[in-house]
Amino acid sequence: MSAIVEFDSVGLRYGTGAEVLRDLNFRLQKGGFYFLTGPSGAGKTSLLKLLYLAQRPTRGRVQLFGEEISDAPRAALPEFRRRIGIVYQDFRLIRHLSAFDNVALPLRIAGSSEADVEAPVREMLAWVGLADRSSARPPTLSGGEQQRVAIARAVINRPQLLVADEPTGNVDADMAQRLLHLFTALNRLGTTVVVATHDISLIKEMPGAHMIRLEGGTMVDPTGALKNPPQTGWVEVQR
Ligand SMILES: Nc1ncnc2c1ncn2[C@@H]1O[C@H](COP(=O)(O)OP(=O)(O)OP(=O)(O)O)[C@@H](O)[C@H]1O
């Protein structure tokens, strides 16, 4: 299998602060399912930002989709970003658009005709249990409902890479399982999935997933990651 993401001696600092990520060397295989774990402040969101190109590394090299992006011109980034579905920790829904229009956004940006938007958006909203909330605007939705709209928006376009930051942080256990099924269905269709989570029960649901464990901004010995580690292949770490 070929790599969809490759990090080579990557470090990241914000402004003039200390490095919040350091010495990251790993590759994610195309079609893999990865959980990113680690204590609060370990650098999970920062690592995801490197993946979805909201940050550039301050050191080292990042390859995405087989291409070097560390020093790619800014104008080249939107083309990469269109291939990535992102579930932000704080959702980032567009407040003045309905749930339907938020979910439809990636399809419309990609140039789909309105005839091709209606059915998939309705189907996706039904899948996340929001069929009857399609005309609601984000400020009138609960945190869990907003999170589900954000997930529907991230997956509607069948991205090549799905990056999700604590995607089940605001939903109950049943919905968390349902959302995990959505991610696995997408993964079976070929999407590489990276999910940052503290939710051990979610990880246990996916014994075939790979694990990435961050502590203090760097990857740690995976054997120390969980008291009862699932039977996984750990992420391939280059040395
Ligand atoms: N924009 C920023 N400017 C400066 N420092 C930042 C910024 N974003 C994050 N940090 C710092 O980087 C470190 C890693 O933060 P990050 O949000 O990546 O951790 P995390 O593992 O996702 O935490 P959590 O599980 O609480 O979301 C922290 O020390 C944090 O204070």
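**Sheet pairing and ligand shell**

Reader: In which sense do strand 6 and strand 7 pair, and over how many bridges?

Author: Strand 6 and strand 7 (residues 161-165) pair in the parallel sense, over 4 bridges. Pairing requires at least two DSSP bridges between two strands. This is a predicted model, in which local features need pLDDT of at least 70 and side-chain atom pairs count only at pLDDT 80 or more, while totals for chains, interfaces and linings use all residues. Residues are numbered from 1 along each chain as its sequence is written.

Reader: Which residue is the bridge partner of Gly 85 in strand 7?

Author: Leu 162 in strand 7 is the bridge partner of Gly 85.

Reader: What is the strand order of the sheet?

Author: The order is 6-7-8-3-9-10, giving an open sheet of 6 strands with mixed pairing. Strand 6 (84-87) and strand 10 (218-219) are the edge strands, each pairing on one side only.

Reader: How many helices and strands are in the protein chain?

Author: The protein chain has 7 helices and 10 strands, taken as DSSP runs (H or I, at least four residues; E, at least two) numbered from the N terminus.

Reader: Turning to the ligand, which residues are around it?

Author: The residues around the ligand, with a C-beta atom placed from the backbone within 6 Å, are Tyr 14, Gly 17, Val 20, Gly 38, Ser 40, Gly 41, Ala 42, Gly 43, Lys 44, Thr 45 and Ser 46.

Reader: Which element gives the largest share of that shell?

Author: Helix 1 does, with 3 residues.

Reader: What box do the C-alpha atoms of the protein chain fill?

Author: Along the principal axes, the box is roughly 50 × 45 × 35 Å.
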